[in-house]
Amino acid sequence: MTQDQLLILLILASTMVLFVWGRWRHDIVAAMALMACVLTGLVSPNDAFLGFAHPAVITVACVLVLSRGLQNSGAVDVLTHHAMPKNAGKTLSLAALVGIGALLSGFMNNVGAMALLMPVAIQLAARLELPPGQILMPLAFGTILGGMTTLIGTPPNLIVSGFRVENGFDGFSMFDFAPVGAAVAVVGVLFTVLVGWRLVPVRKQRGVTEFETGAYLTEVRVTEESKAAGMRLREIETVLDEANAQIIAMVRNDVRINAPGSQRVVKEKDILIIEADVDALASVLSNLGLRLEESGSSSEEQTEEKTKSKSEKSTKHTKSSQVEQSKSDENEAELTEDSDKPSSQDDVVLMEFVVRSDSEIVGRSARDIQLRTRYGLNLLAVSREGARSSARLRTLRMRAGDLLLMQGPSETLTEFAADYGCVPLAERELRIPDKRKAIIATAILIGAVGIAAFGIFPTAVAFAGGVLVSMLVRTVPPTSVYKAIDWPIIVLLAALIPVAGAMQSTGTATLIANFLLQNVAQGHSVFALAVILIVTMFLSDLMNNAATAAVMCPIAVGTSTALGVNADPFLMAVAIGASCAFLTPIGHQNNTLIIGPGGFRFGDYWRLGLPVEILVVLVSIPMLLWVWPLS
């Protein structure tokens, strides 16, 4: 063993200990490992930050952005509504989600499949009242397992096939991987769905402040395209029951009807007053094709408010001097002109506020304070514990303790809170469905995945192009792109890629593999096949899966040659082992994607990952010997 090999093993061992200890954040530990490699000469200072340009890092960042586009547009809500079973229990719902993920991963990049279904998993966790991690980890493992079933499902399969060509044979075909890969995937998915999800540690989602807000009263308008148009109220209430929402009243031709009869037919332009939790509003809007009334109010209404505002101010100041009146008119004119300017939608957010007892908005309504004309803000809903009002939202007089759900630019919302003494609670991610943007966002992701799957461009380039298109068509506003990226994850990957390269360049990976083969297999071909699989899985948990496949392919072929047996089962073992990185968050990009949303620590993965890897070995070895005989 050389000095460099000893150093890299010491650094890797120390890094793993720090990861499992969890005292410092994972990106800090990864940066420490990188700096240690630079200081010891294992990584050149000029190459220390090449990891930030690595395709895997670019792909992860782009996937996070494209996933945000699906969330913002409401495409995820549509997918959840049509593809997932309604009101199903934990087992059936989880089986449907993980099964869909595994199936998609066979025909598209498994990172893309994970990106598409990750928001669905988070919504499912909320519905089943489970921590997000207990849904996200089975989904991540399912998409990894599904990727090993076809040639294009995962990069290691392509590398193994290419290595076979380099050795004078034909490459593996699209479905050569299916017999063994499908068997492993089916067993792995069944285990995670029936038993495995219970092994996932319960963690709180990072960066989320939880608080109870109660039910909101909000107004939704029935548009021409709404599914609700022509339905009876009892039919609509059946849909609302799924979201724990209910109809309190309706407005038709500016006349409010309290407790309308269940047989009443809903017409276009009707306004339904609904009581619902804020997190259920997206489901209500998506399922029925409704529109939040305040967010889509017509310009005529705003003009009416401005005219009324001018009239009120003119009456109030009739006793003022001509000079003062002139100044007041000039100020009002400036205010009106400013409110007519189109505001950027890039920074439009939803935020909740609580009305303090000394707030200046107490006893006043949104119309009284000219919420739209002065601030350009929309009042979407009001939560008032223990009381319901018969007034419309724009004329509802506020009380101390009311919770307001408001929409507008974040800076303007902050200004409003300061002016009227309201306390901001948190931003909310209510996805107001937009059919056009949902279609565009979905098409962009499918296009990027298709371009990568058919090899037109590399995966990183295809996904980066998708992000660029998303910004141009504004399914993801440019100012939101960088907010969508989980930067600690990016730093983690970028820092460890040069460390993995040092492990390969110093010959440490080959040293480990050869040592295990010589001391464990001891000349037995079946044992040697199992060792190749296990060593590949071990290295894949520490290194990039493509790099692992590249390192292990020559070792696998050399081992088969020394034993005088067929090389194909050994190459297939490398393909399976390189895809099965379940013990750490760094072994596969899908594992990395769920660290933040699942609130995971580095040492959380082995609890489900170890049983899955044991199952992979138990299922794949007999299948390899049957489908790809040694002789």
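This is a predicted model: local features need pLDDT of at least 70, side-chain atom pairs count only at pLDDT 80 or more; totals for chains, interfaces and linings use all residues.

Accessible areas here come from the Shrake-Rupley method with a 1.4 Å probe.

Overall make-up. I counted up the secondary structure of the protein chain as 26 helices and nine strands. Of its 631 residues, 53% are buried. I then looked at contacts in the protein chain with a separation of 6 or more, and found that 78% of them are between residues 24 or more positions apart.

Helix H17. I checked the length of H17, residues 459–473. Its 15 residues at 1.5 Å a residue should span 21 Å, and the end C-alpha atoms are 21 Å apart, so the two agree. Next I asked which residues of H17 are buried. They are Ala-460, Ala-462, Phe-463, Gly-466, Val-467 and Ser-470. These cover an arc of only 165° around the axis, which means that they sit on the same side of H17. An α-helix has 3.6 residues a turn, so residues three or four places apart point the same way. Just after H17, I found Arg-474 with a positive phi of about 65°.

Surface patch. I looked up a nonpolar patch on the surface, formed by Trp-21, Trp-24, Ile-28 and Met-32. Together they have about 430 Å² of accessible area. I placed Met-32 in helix H2, residues 26–39. Met-32 counts as partly exposed because its relative accessibility is 37%, and partly exposed covers the range between under 20% for buried and over 50% for exposed.

Technical notes: Residues are numbered from 1 along each chain as its sequence is written. Side-chain values use heavy atoms; hydrogens and water are left out. Helices (H or I, at least four residues) and strands (E, at least two) are DSSP runs, numbered from the N terminus. Buried means under 20% relative accessible area, exposed over 50%, partly exposed in between (1.4 Å probe, protein chains only). Contact means heavy atoms within 4.5 Å. The expected span of a helix is 1.5 Å times one less than its number of residues. The arc is that of the directions from the helix axis to the C-beta atoms. Patches are made of residues with over 30% relative accessible area and no salt bridge: like charges are joined within 9 Å, nonpolar side chains (Val, Leu, Ile, Met, Phe, Trp, Tyr) within 5 Å. A salt bridge is a side-chain nitrogen of Lys or Arg within 4 Å of a carboxyl oxygen of Asp or Glu.
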